[in-house]
Amino acid sequence: PPGGPIVKPLPPELFIVHGSNAETRWSALRHVGNIVPADRFFVRNHTRTPRIDPGAWRLRLFGTGLAGGPFELSLAQLKALPSETITARIECAGNGRGFFETQQNQPVPGTPWRLGAVGVARWRGVRLATVLRAAGLTRGAVDVMPSGLDDEYIVDGVNLGRVRRPLPVRKALNDVLLAYEMNGEPLPPDHGFPVRVVVPDWIGIASVKWVGAIEVSATPLRSPWNTRYYRLFGPDYPEEGTLLTRQNTKSAFELDPHTEFGVGRDHVLHGRSWSGTGGVARVDVSADGGRTWSRAIPRAIRDDGWHRWSYRWRPRRPGSYTLSARALDIEGNAQPLTEPFNTEGYLFGAVAALPVAAS
Ligand code: MTE
Ligand code: MO
């Protein structure tokens, strides 16, 4: 379903716009370091970017998982709590969805993202654990459900309410941040000003933007975003679907499709691989559509958010070539060559072919 308007400029050399969502062009990361600047970071809005008065903003915690009733914080009170800065990647569960159709001939509804619905930023804020404890979290709490202050989401005339998705209390207490800065600046409006949730390694929907309330519950919570959306449905999955939590592993070249290269010369190709399953161990690259593979060279001593690599390539004859990159995560899982179909087109993690040319 279509989203709503984005506030920041979306120059065509930096973004591919899909209706009112926008993905980063991979060529726009060619000269960008580890951290994606906010003005190049993808945007995924279910409706539209709201404008929120930071002075009037409150975070309200409530529910059966708290002792002592509802709890409220102003932005000044949140900022007075101990802060932390983390590098974390946010990636839409649908990133790569377009390849189900273009590469596997399996059309699916939803935004036909290529591979640009992902970004890494430095996020500063307060640990959700700190706020939950201040609010009187009880030992019986099981689910924590942040909800956004953007418009209610209406699909086919049915109002599904505010964007919200339960998070198990275990994850909420582990590494989740209530962020008020992105890359050293206040969050931009499109990325959740004044405060968003950042859930490292999980699908993007967990990282609720413009958070206004958090329900803390002693019984499991449900919302459309953990029942009808963000589950894998289809012939390979159980009837009730498989709940999505962590991201999978993907790779991309910092190139636009159909880039032209000079024949008989060396070219240094740059790319990145990333994984929600703990990190990338190794990346192989093929320039012949997957017949032969060679090892890519890491570009950094230590990965932070993603694994950046390079690969030296010399096309010997003019014509069309297919570039592919395939990562192996630290658990030993390689990106597959085809992705099992699911009806919503989530988590396309297969090797994506990039057509280029040499002349
Ligand atoms: N939070 C709210 N309140 N409303 C939204 O539409 N979209 C989610 C998530 N948080 C969304 C939201 C989805 S699907 C993704 S992928 C990420 O935000 C995108 O974050 P970004 O726009 O900052 O890149
Ligand atoms: Mo998303």
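In this predicted model, strands β17 and β19, the latter spanning residues 267–275, pair in the antiparallel sense over 5 bridges. Within this pairing, Ser251 stands opposite Ser273 of β19. The two strands belong to an open sheet of 4 strands, arranged in the order β17-β19-β23-β22 with antiparallel pairing. At its edges lie β17 (249–253) and β22 (297–298), each of which pairs on one side only.

Phe261 and Trp313 form an aromatic pair of the edge-to-face kind, with 5.3 Å from centre to centre and 75 degrees between the planes. Here too distant parts of the chain are linked, as Phe261 belongs to strand β18 (residues 260–261) and Trp313 to strand β23 (residues 307–313), 52 residues apart. Strand β23 is also a member of the open sheet described above. Phe261 has a relative accessible area of 10% and is therefore buried; Trp313, at 6%, is likewise buried, because the term applies under 20%. Elsewhere, ring pairs link Phe41, Phe42, Trp113 and Trp123 into a cluster.

The backbone also deserves attention. Most residues other than glycine have a negative phi, and most peptide bonds are trans. Against this background, the peptide bond from Phe193 to Pro194 is cis, with omega near 5 degrees. Pro194 is placed in the loop between β12 (185–186) and β13 (196–198).

Where does Asn105 lie? Asn105 is found in the loop between α2 (98–104) and β6 (118–127). Its phi is positive, at about 55 degrees, although Asn105 is not a glycine. With a relative accessibility of 67%, Asn105 counts as exposed. Asp156 likewise has a positive phi, near 50 degrees, in a residue other than glycine. Asp156 occupies the loop between β8 (154–155) and β9 (158–159). Its relative accessibility is 76%, so Asp156 counts as exposed.

Terms used
Residues are numbered from 1 along each chain as its sequence is written. Chains are lettered from A and ligands numbered from 1 in the order in which they are written. This is a predicted model: local features need pLDDT of at least 70, side-chain atom pairs count only at pLDDT 80 or more; totals for chains, interfaces and linings use all residues. Side-chain values use heavy atoms; hydrogens and water are left out. Two strands pair if DSSP finds at least two bridges between them. Rings of Phe, Tyr and Trp (its six-membered ring) pair if their centres lie within 6.5 Å; planes under 30 degrees apart count as stacked, over 60 as edge-to-face and the rest as tilted. Buried means under 20% relative accessible area, exposed over 50%, partly exposed in between (1.4 Å probe, protein chains only).
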